[in-house]
Amino acid sequence: LLFVVPATSPEEDRLWNIVKANSLDFDAWTALIDETEKVAWDKILKIRRVYDAFLAEFPLCYGYWKKYADHEARLGDMDKVLEVYERAVVGVTYSVDIWLHYCTFAISTYGDPETIRRLFERGLTYVGTDYLSSPLWDKYIEYEEMHSEWARVASIYTRILEIPNRSLDNYFNRFKELVGSRPLSELRSAEETPVPPSGLSENGGQASEGDVHTVEPEDSVKPVTAGLTEAESEKYIALREEMYKKAKEFDSKISDFENAIRRPYFHVRPLNAAELENWHNYLDFMEGQDDLNKVVKLYERCLIACANYPEYWTRYVLCMEACGSMDIADNALVRATQVFVKRQPDIHLFAARFKEQNADIPGARAAYERVHTEIAPGLLEAIIKHANMEHRLGNLETSFSLYEQAISIEKGKEQSQVLPMLYAQYSRFVYLASGNAEKAREILATALDHVQFSKPLLEALIHLESIMSLPKRIDYLDSLVDKLIAPSSDSTASAAEREELSCIFLEFLSVFGDVQSIKKAEDRHAKLFLPHRSKSVLKKRLAEDYLSSDKSKVAKSYTDSASPAQSVMGGYPNAQQTQWPAGYGVQPQGWPPANQAQPQVQQWGPGYTQQPAYGAYGGATYGGSYTAPQVPAAVAPTAAYGAYPPTYPPQQPPQAAAATAFPQQSYAQPAAAAAAPVQQPAAVPQPYYASYY
């Protein structure tokens, strides 16, 4: 059957155009949902269209999954309600709230207690150890109390008392009240019910030889009440109290971390720095506890609140790799790059390096190509990293081709600020990778003909000469420097950039120049820059001199006077800032500095702000402050990740007849995890509503 979506209103059309242009515009999405609900209250196809498209972009918004399910329920399609909830628990598996809504729906819809209990157990597999999981536990207890299943209620309390959670004290008090209000025989499970010692007759005497004790069928279900004393009740409570005390001990270690979490749910608004730091500290602590299951579940909780931050996805992947859990690492990387931070270049550059390190070269190339063509065309860092990878693989000509293609594309743009840096990096790469000095110089000479004369380009020329063998082209460089820093120059370089470049050239000459060339450059620098030093700087110097002691003045006047034996750079206040560090010639390609010429606006997705997730271009670490993860002991988790618990038996959702209707999301688990039992019914994988726009 073909279903035609009803026509949209002008306001809907306007909002659809906005979200198609920028699918990360959360406010536009919510306005579109509100408008659709207002004009199409009974038109389920329009409601499905907008919710499907929105939740494909923001699957962690559990409240909108609930609203979607309510719309389907309002229009009477219970199979569709079930489908929505099944998709919801795939999209936001570690949300206490979505499991609570799902279980509440099941209680109101299905009459089979075992079906409902299976659903509770599925949810608790993932979120039962969450510090804020008490609403779901309370609902489970309420359901069993409603059916007077007191042994089940006691069993649930026993399980809770082993778990650190915010309501732990309350649960222990409620458990003691339960024991005081119900006979112990009703609370004990079949395994806990004491069995009379063999060889005793009914009246407690010894059975005589030849006596035959006939067990009636009723004996197996008749409650055993004999011998239940107050001491046994105290022992029953004492065993649970030991669990409670152990949980309280661990609770004391994590309560500060938990109390600092102000926003445990997902939202597009940024988290404050203190909360982000708290998540890092909490993860540091948990990684040191030698419990992989706890580590995984904390990361999954963290990645609900911090889903928009690539650094946490990167950390999760590296931690799981260090633990040997590559299926979890691969799954996290798929979710990050395909759903949650898919428009941020950082995560794709990390994915490329991660895949290369794990011998997935086609995957690494695909990650780089996605950045080049879709995420951030012309991103210098991506070009450099890709070229360096091909060089490591022995494909030097491919590396050259990458630079040449990028240069060709940038030439077609007006006033490309990336182009000078591409030429500079290409020249340096050619010399360092192949040793071809003539080709390296030729590249920069070509650059002078095709790009506007600029500080980054001239700095690249000076640096290239510094790492090449003698003789140095000092006169050639001097003429170029003079052209750039001259007051009459048509260069766009600022006064600060001109002065800094002059200092860089003086530093170069101090190593490779002769007396005459140094004097010429020093005189030019003094003439152009020293008379124009800021008056405010001079006033500050006078104030400091006035306030200093006589002794300080003597010391200051001594240090301020440059002796002939001092470095030629002593007279230039900015020179010290531009000195090249030791080993500069072999540093990864990393200039210009951040406060100099910036690349032109990149075409990555709206809302992306580049984060310092990577160090120098050749760096081996990801994330500025993140240290190598501690490796928890390889304890088999009860629920590893996403919707795939490795130890939980396959479950059929309520009304299994509708199972085949559940579509799988586009970030389905990698093949490595496919062998694990899954919580979802089997279904043919298909793109998750990717055809809407």
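Student: In which kind of crossing, left-handed or right-handed, does H1 pass H2?

Tutor: H1 passes H2 in a left-handed crossing; that word is used if the near helix is turned anticlockwise from the far one by less than a right angle, and right-handed if clockwise. A friendly note before we go on: this is a predicted model, where local features need pLDDT of at least 70, side-chain atom pairs count only at pLDDT 80 or more, and totals for chains, interfaces and linings use all residues. Residues are numbered from 1 along each chain as its sequence is written, and side-chain values use heavy atoms, with hydrogens and water left out.

Student: Why is H1 called roughly antiparallel to H2?

Tutor: Helix H1 (residues 10-21) and helix H2 (residues 26-39) pack at an angle of about 155°, and their axes are 9 Å apart. Angles over 145 degrees count as roughly antiparallel and those under 35 as roughly parallel, so H1 is roughly antiparallel to H2.

Student: What makes the contact between H1 and H2?

Tutor: Contact means heavy atoms within 4.5 Å. On the H1 side the residues include Leu 15, Trp 16 and Val 19, and on the H2 side they include Trp 29, Leu 32 and Val 39. By class, this contact of H1 with H2 has nine nonpolar, one polar and three charged residues. Here Ala, Val, Leu, Ile, Met, Phe, Trp, Tyr, Cys and Pro count as nonpolar, Asp, Glu, Lys and Arg as charged, and the others, Gly among them, as polar.

Student: Why is H21 called roughly parallel to H23?

Tutor: Look at the angle: helix H21 (residues 419-434) and helix H23 (residues 455-467) pack at about 10°, with axes 9 Å apart. An angle under 35 degrees falls in the roughly parallel class, and therefore H21 is roughly parallel to H23. Among the residues in contact are Tyr 423 and Tyr 431 of H21 and His 463 and Leu 464 of H23.

Student: How do you know that H24 is roughly antiparallel to H25?

Tutor: Helix H24 (residues 474-485) packs against helix H25 (residues 495-512) at about 165°, with their axes 10 Å apart. That angle makes H24 roughly antiparallel to H25. H24 also passes H25 in a left-handed crossing. By class, their contact has ten nonpolar, one polar and two charged residues.

Student: How much space lies in the second largest pocket, and which helix gives the largest share of its lining?

Tutor: About 770 Å³ of space lies there. H12 gives the largest share of the lining, six residues. The lining of this second largest pocket divides into 16 nonpolar, six polar and ten charged residues.

Key: Axes are lines fitted to C-alpha atoms, for helices over the stretch in contact, and angles run from 0 to 180 degrees between N-to-C directions. Helices (H or I, at least four residues) and strands (E, at least two) are DSSP runs, numbered from the N terminus. Angles under 35 degrees count as roughly parallel, over 145 as roughly antiparallel, 65 to 115 as roughly perpendicular and the rest as oblique. On a 1 Å grid over the protein atoms alone, a cavity is a set of points where a 1.4 Å probe fits but cannot get out, and a pocket is an open set with protein on both sides within 12 Å along at least five of seven lines; lining residues have an atom within 4 Å of a point. Grid points are joined across faces, edges and corners, and a volume is the space filled by probe spheres set on the points.
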